[in-house]
Amino acid sequence: MSPTRQLHRLLEAGLADITGSSAAELAACVAMLPDEPRSVLAVHPALATARQLAPLLRYRHKPGFVVDDMVDLEQFVPIGGLALPDSPLYLVCEPDRGDDMRNWSPNEALPVIHERGRTPLTVNEGISWLLQEPKALEPNHCFMTIGSRRPTGSALDARTPAIWISGGTGRDGTARRGAPKIGWCWAGNRHTWLGIASARHRAPFDR
């Protein structure tokens, strides 16, 4: 899919409405991007945060949401060594939800992702991908976005963001059953239904 078509999907989802940017302004950003096959547009957190993007997600017509106990989502930033392009929109090339890493913990997966010459997705990148390719989110085939972590002094918060489909239990509420959910998992825990998403690389503006 071309970046222009990808932008069209983001605009259809409501990106311009939440950013205050016009469609023309966003299109001008996309026009400066390089031609990268098998890529999707990513929304930089400076343009729209994960919390702003989450309600734009849809699964069977239900809007996405952020779990109630993740009040500090904005404090989850790219991990050390992961630099985002300085662009409102940029390309994430060859995203993959990491099905082969289901039942791996984030702590186990991260060094292997690096060994493979890939980079973990951030939570913004994961949401951006699903806004353009919603079929990438399936029951029992969801994913963690371990490229985003919350610093706590010299260490990291033990949680890592993840995107899955709510079962409508607990504080989610039955009305949210089947809705896309931005939640979290412990970095040392394994989940049989969560892969660990990654990409080949990020492509910034072609300046």
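## Arginine, aspartate and aromatic contacts

Arg 159 lies over the face of Trp 184, with 5.9 Å to the ring centre. The model is predicted, and the values below are computed from it.

| Arginine | Ring | Distance to ring centre |
|---|---|---|
| Arg 159 | Trp 184 | 5.9 Å |

The structure holds 3 aromatic pairs. One of them joins Trp 184 and Trp 186. A pair of aromatic rings is described by the distance of the centres and the angle of the planes. For Trp 184 and Trp 186 the centres are 4.6 Å apart and the planes stand at 70°. The pair is edge-to-face because this angle is over 60 degrees.

How accessible are the two tryptophans? Trp 184 has a relative accessibility of 22% and so counts as partly exposed. Trp 186, at 42%, likewise counts as partly exposed.

Arg 159 is also a contact of Asp 72. Asp 72 is found in the loop that runs between strand E4 (65–66) and strand E5 (77–78). Its relative accessibility is 12%, so Asp 72 counts as buried; the cut-off for buried is under 20%.

Which residues does Asp 72 touch, leaving aside those up to four places away in sequence? They are Arg 51, Arg 150 and Arg 159. With Arg 150, the side chain of Asp 72 makes a polar contact of 3.3 Å to the arginine side chain.

Terms used. Residues are numbered from 1 along each chain as its sequence is written. This is a predicted model: local features need pLDDT of at least 70, side-chain atom pairs count only at pLDDT 80 or more; totals for chains, interfaces and linings use all residues. Side-chain values use heavy atoms; hydrogens and water are left out. Helices (H or I, at least four residues) and strands (E, at least two) are DSSP runs, numbered from the N terminus. Buried means under 20% relative accessible area, exposed over 50%, partly exposed in between (1.4 Å probe, protein chains only). A polar contact is a pair of N or O atoms within 3.5 Å; within protein, one must be able to donate a hydrogen and the other to accept it, and residues adjacent in sequence count only if both atoms are side-chain atoms. Contact means heavy atoms within 4.5 Å. Rings of Phe, Tyr and Trp (its six-membered ring) pair if their centres lie within 6.5 Å; planes under 30 degrees apart count as stacked, over 60 as edge-to-face and the rest as tilted. A charge sits over a ring if NZ of Lys or CZ of Arg is within 6 Å of the ring centre and within 35 degrees of the ring normal.
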